[in-house]
Amino acid sequence: MDYVKLINCMRCGMCLPSCPTYKETFLETASPRGRVALIRKLQEGNLDQSEQLLEYLSLCLDCQACASACPCGVNAGELVAEFTCERKSDSGLGFMEDLILRKLVPHPDRLETSMAPMRLYQNSGLQKLVRTLGVLKMFPKQLERMEGLLPPLPARPLRQEINEITPAVGTERGTVGFFLGCVMSLIFSDASRATIKLLSSLGYRVITPRNQVCCGAPNMLAGDLVGLKDAAHTNIDIFGGYNVDFIVTDCGGCGAELKKYGDHLDGYAPAEAFSAKTRDISQLLALHQDELRTKLKPLSLKATYHDPCHIAHCQGIRKEPRDLLKLVPGLEFTELEAADACCGSAGTYNIERPEMSDLILKRKLDTIRASGAQVLVTSNPGCLLQLKKGLADHLPDVKIMHLTEVLAQSMAG
Ligand code: SF4
Ligand code: SF4
């Protein structure tokens, strides 16, 4: 780890009010400043790697809100992630980690097959029965939590349905490589279908390579740098085989990771070219606002927007999604208080850290309630899962939609 990144922290505390775990605990050890100090002491050999210390660090969501707030460019979330990667490279992956991160996630076919029992469970009526009888209470809490988060699955993953090439509607203005995130394909296929439709209706030929693999974000989350680099190389080779103007994704987490391929594979020119071409869908659509304005039809609803951490803090995108929503005639946009505060999802954090995740989610739900919105718009699958469940439990009248679903619905009239 680069020691300079640690000593850049001048302990001003400007990051504290933006850190979700500090806001809940008021503990210095659960703050960005405290985490940087702990890692620094470890690096300097003034602290042992105790269980307690690992516990403090693992409470971090890697939401990177601290990086947005820090005047010195310190990114405590990224430093904690780097620390985890270094530890993992020493200790190696456990059996289950190896199974999931190396044998399952990088293989879309296997990943899709692994979801088939879940689809059967939902469609056969077994899920309803299990929930009614409360059977899951007899199993580990994490299982019940995972089951509760999973919304109804589409009949088939989008990857199996979508044509590899979707032609442009009208005059072709360019070619886009569509990066279809695993969760988007498996769970939120309607949103990604809407994304492709929007792109093609704006004159883009859309190529969705069927053999693309997971972006590697789950590997990064678990500190598996080797798996992450394998994923990056595979995707760079696949997309490199097409002559595309942009690589577009509608998944905030994937976009943040794809844009870092250049850094992860430092000095590898194709990785830098790949990252330079990557755009979040809102960035590309925002280039065509005049044209969109002529295509969008009235949609009478009051909507608000939750900034996914991977889009606002990791990619610095805040204006584009709002500009796009404001283009929809009849849509009343209302700003959410602390819109860029984490929702508590953070990969698998909501399963591994349910108590802290629920506290953070509660704050988010309170702001949604106060906004009076009928629809919450966002654009990251982790947030969609977490907030969909939170809304269903506490604000059932508020609907959640992906940004592209709102735009596509308005375009369809
Ligand atoms: S991480 Fe940045 S904002 Fe936080 S205390 Fe250090 S210098 Fe200040
Ligand atoms: S990444 Fe998020 S949870 Fe972690 S220290 Fe920064 S603000 Fe706090």
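Guide: The shell around ligand 2 comprises 7 nonpolar, 2 polar and 2 charged residues. Nonpolar covers Ala, Val, Leu, Ile, Met, Phe, Trp, Tyr, Cys and Pro, charged covers Asp, Glu, Lys and Arg, and polar covers the others, Gly among them. This is a predicted model, in which local features need pLDDT of at least 70, side-chain atom pairs count only at pLDDT 80 or more, and totals for chains, interfaces and linings use all residues. Residues are numbered from 1 along each chain as its sequence is written, chains are lettered from A and ligands numbered from 1 in the order in which they are written, and side-chain values use heavy atoms, with hydrogens and water left out.

Visitor: Which residues surround ligand 2?

Guide: They include C19, C60, C63 and C66, as well as R35 and D62; each has a heavy atom within 4 Å of the ligand.

Visitor: And what surrounds ligand 1?

Guide: Among its neighbours are C9, C12, C15, C70 and C72, together with R11 and R33. That shell has 9 nonpolar, 1 polar and 2 charged residues.

Visitor: Moving on, is strand 6 enclosed or open?

Guide: Strand 6 (residues 301-305) is largely enclosed by the rest of the structure, because 4 of its 5 residues are buried, meaning under 20% relative accessible area with a 1.4 Å probe, protein chains only. Strands are DSSP runs of E, at least two residues, and helices are runs of H or I, at least four, numbered from the N terminus.

Visitor: How does strand 6 run against strand 8?

Guide: Strand 6 and strand 8 (residues 375-378) run parallel, joined by 3 bridges; Y305 has V377 as its bridge partner.

Conventions
Buried < 20%, exposed > 50% of the residue type's maximum accessible area, 1.4 Å probe, protein only. Pairing = 2+ DSSP bridges.
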